[in-house]
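Please look over this model with me. My notes follow as numbered points, to be read beside the coordinates.

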Amino acid sequence: MREVHFNEIVEKVKNLVMDSEYRLPQDFIQAIKVAVNKEESPLGKEILQEILKNAEVAEKEQVAYCQDTGYPVFFVEVGQDVKIVGGSLREAINEGVRRATKEGYLRASLAYDPIFDRKNTQDNTPALIYFDIVEGDKIKIKFAAKGGGSENQSKQAMLKPADGLEGVKKFILQTIANAGPNACPPFTVGVGIGGTFDYSAVLAKKALFRHIGERHPDPRIAALEEELLNLANQLGVGPLGFGGTTTAVDVKIEIAPCHIASLPVAVNIQCHAARHKEIEI
């Protein structure tokens, strides 16, 4: 049994969150550089160049890339041969988020009461944490900062099995089109197909952690990802919604078994502040 101390997790989560807010992933930066050369709209090309400049300044100055520092979402794989000492894993993650928010000068974006007084929690906690028990003695922590603009444009539908592939594609593309400028394109689009009402949305969020261009191992799903990406970029939304040929930089799909009477589909839109990173302890 391997022991991992509470304080080590706190410090590593704090650094993970701050680094995610300050530095966009290199695969996304590279995708934007490629898009600059392909974008047919002069204004769209200029916007993509500004995104690259903003990312450069954020990393150099160690400030948040976007003022919306997002809802902290974690996917945590815990090895069954790991023992957390000095406190609970959940509290260690939340304490890391608290310290990152304070020390990193990140905006507190969570309202504890969603309906009545909408009081701010002041420190971006409690984080949303999904735990999964796996073999081994490591802890893998995946973090996403989900901004309100793109999250608000995400959708879920319980389609009928008879809607089939064409119904799935129609729903995904309509969701991307409706997101328009409100979700700060160019998007990375996570799609969950199958499972249940709730799990399809979890799959869509999980899909966003794959690297840009990393295709699903099933060649049929991989081909669908490519097709949807091409169709999304024909919608004309363009960078920040001003028109153009770069509406999305990637579409990533995860699937799961589902009930014979169901066809759940969820689309999780990610804005161009693509803050998804992971560490292993």
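Helices here are DSSP runs of H or I with at least four residues, numbered from the N terminus. Keep in mind that this is a predicted model.

1. Is Glu 21 buried or exposed? Its relative accessibility is 1%, so Glu 21 counts as buried; the cut-off for buried is under 20%. What does Glu 21 touch, leaving out residues up to four places away in sequence? The list is Val 63, Ala 64, Tyr 65, Thr 69, Leu 106, Ala 145 and Arg 275.

2. **α1 against α4.** Two packed helices are described by the angle between their axes and the distance between the axes. Helix α1 covers residues 6-22 and helix α4 covers residues 89-103. Their axes lie 7 Å apart, at an angle of about 45°. The two helices are therefore oblique to each other. The crossing of α1 past α4 is right-handed. On the α1 side, the contact uses Phe 6, Ile 9, Val 10, Glu 11, Val 13, Lys 14, Val 17 and Met 18. On the α4 side, it uses Leu 89, Glu 91, Ala 92, Ile 93, Glu 95, Gly 96, Val 97, Arg 99, Ala 100 and Glu 103. By class, the residues of this contact are 11 nonpolar, 1 polar and 6 charged.

3. **The largest nonpolar core.** This core holds 26 residues. Which of them touch the most other members? They are Ile 9, Val 13, Val 17, Phe 74, Val 76, Ile 139 and Ile 141. At least two residues each come from α1, β2 (71-79), α4 and β5 (139-146). Helix α1 gives the largest share, 8 residues.

4. **α2 against α3.** Helix α2 spans residues 26-38, and helix α3 spans residues 42-61. How do their axes cross? They come within 9 Å and cross at roughly 155°. That makes α2 roughly antiparallel to α3, because angles over 145 degrees count that way. The crossing of α2 past α3 is left-handed. Helix α2 makes the contact through Ile 29, Ile 32, Lys 33, Ala 35, Val 36 and Asn 37. Helix α3 contributes Lys 45, Leu 48, Gln 49, Leu 52 and Ala 55. The tally for this contact is 7 nonpolar, 2 polar and 2 charged.

5. **Backbone points to check.** Most residues other than glycine have a negative phi, and most peptide bonds are trans. Which peptide bond is cis, with omega near 5°? It is the one from Thr 125 to Pro 126. Pro 126 sits in the loop between α4 and β4 (128-134). Pro 185 and Pro 186 are also joined by a cis bond, with omega about 15°. Pro 186 is in the loop between α6 (164-179) and β7 (187-195).

6. Gln 62 is not a glycine, yet its phi is positive, about 55°. Gln 62 lies in the loop between α3 and β2. With 43% relative accessibility, Gln 62 counts as partly exposed. Tyr 105 also has a positive phi, near 55°. Tyr 105 is in the loop between α4 and β4. Its relative accessibility is 74%, so Tyr 105 counts as exposed.

7. Glu 3 is part of strand β1 (residues 2-5). At 53% relative accessibility, Glu 3 counts as exposed. Where in sequence is Val 85 relative to Glu 3? The two are 82 residues apart in sequence, but 6.6 Å apart in space, C-alpha to C-alpha. Beyond the neighbours within four places in sequence, Glu 3 is in contact with Lys 83 and Val 85.

Notes. Residues numbered from 1 in each chain as written. Predicted model: local features only at pLDDT ≥ 70, side-chain atom pairs only at ≥ 80, totals over all residues. Heavy atoms only, no water. Axes fitted to C-alpha atoms, helices over the stretch in contact; angles between N-to-C directions. Parallel < 35°, antiparallel > 145°, perpendicular 65-115°, else oblique. Left-handed = near helix turned anticlockwise from the far one by under 90°. Contact = heavy atoms within 4.5 Å. Nonpolar A, V, L, I, M, F, W, Y, C, P; charged D, E, K, R; others polar. Core = buried A, V, L, I, M, F, W, Y, C linked by side-chain atoms within 4.5 Å. Buried < 20%, exposed > 50% of the residue type's maximum accessible area, 1.4 Å probe, protein only.
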